[in-house]
Amino acid sequence: MAITYQWRGDVDNASLNALHADGFGSPVAQTDWRTRLERHSLGWVCAREDGSLVGFVNVAWDGGVHAFLLDTVVARDRRSHGIGAGLVAIAAEQARAAQCAWLHVDFEDHLRAFYFDACGFTRTTAGLIAL
């Protein structure tokens, strides 16, 4: 099946909570994604295969020139097929179209090859405070 991508695609809370649980190996939450996305996001990208949600990335922003990737997730059985890189490419394209100058991402060490090699991010110096 072909993967289709949609910027600011229609997504319901139940399917996005299920995808996050599958992708991150956690219990299904009851997050109100629709409210969160509308309030804090420049946009988001949905990846679908045969109508089913198989990938998602949220693009939060500061209202100016900085956009931030959050919650990049691909269904476990659809990984290593380029879906994640496709999500990030569309997120970058849309952030650029919104006049953002920077697209930031934080990630765990095991995702270095994905973000640096597959998606084209460059290494930077950054800081973090665990709250």
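1. Helices here are DSSP runs of H or I with at least four residues, strands are runs of E with at least two, and both are numbered from the N terminus. The expected span of a helix is 1.5 Å times one less than its number of residues. Helix α1 (residues 13-24) has 12 residues and should therefore span 16 Å; its end C-alpha atoms are 16 Å apart, which agrees.

2. Some ground rules: this is a predicted model, with local features needing pLDDT of at least 70, side-chain atom pairs counted only at pLDDT 80 or more, and totals for chains, interfaces and linings using all residues. Residues are numbered from 1 along each chain as its sequence is written, and side-chain values use heavy atoms, leaving out hydrogens and water.

3. Now the ends of α1. At its start, a side-chain oxygen of Asp-12 comes within 3.1 Å of the backbone nitrogen of Ala-14. After the helix comes Gly-25, with a positive phi near 65 degrees.

4. Leu-16, Asn-17, Leu-19, His-20, Ala-21 and Gly-23 of α1 are buried (under 20% relative accessible area, 1.4 Å probe, protein chains only). Their cover includes α2 (33-40), β3 (52-61) and β4 (66-74), going by contact, meaning heavy atoms within 4.5 Å.

5. On to the sheet: five strands make an open, mixed one in the order β1-β2-β3-β4-β5, where pairing takes at least two DSSP bridges between two strands. β1 (3-7) and β5 (102-104) are the edge strands, each pairing on one side only.

6. β2 (residues 41-49) pairs antiparallel with β3 over eight bridges, and Cys-46 sits opposite Phe-56 in β3.

Note on methods. Buried means under 20% relative accessible area, exposed over 50%, partly exposed in between (1.4 Å probe, protein chains only). A polar contact is a pair of N or O atoms within 3.5 Å; within protein, one must be able to donate a hydrogen and the other to accept it, and residues adjacent in sequence count only if both atoms are side-chain atoms.
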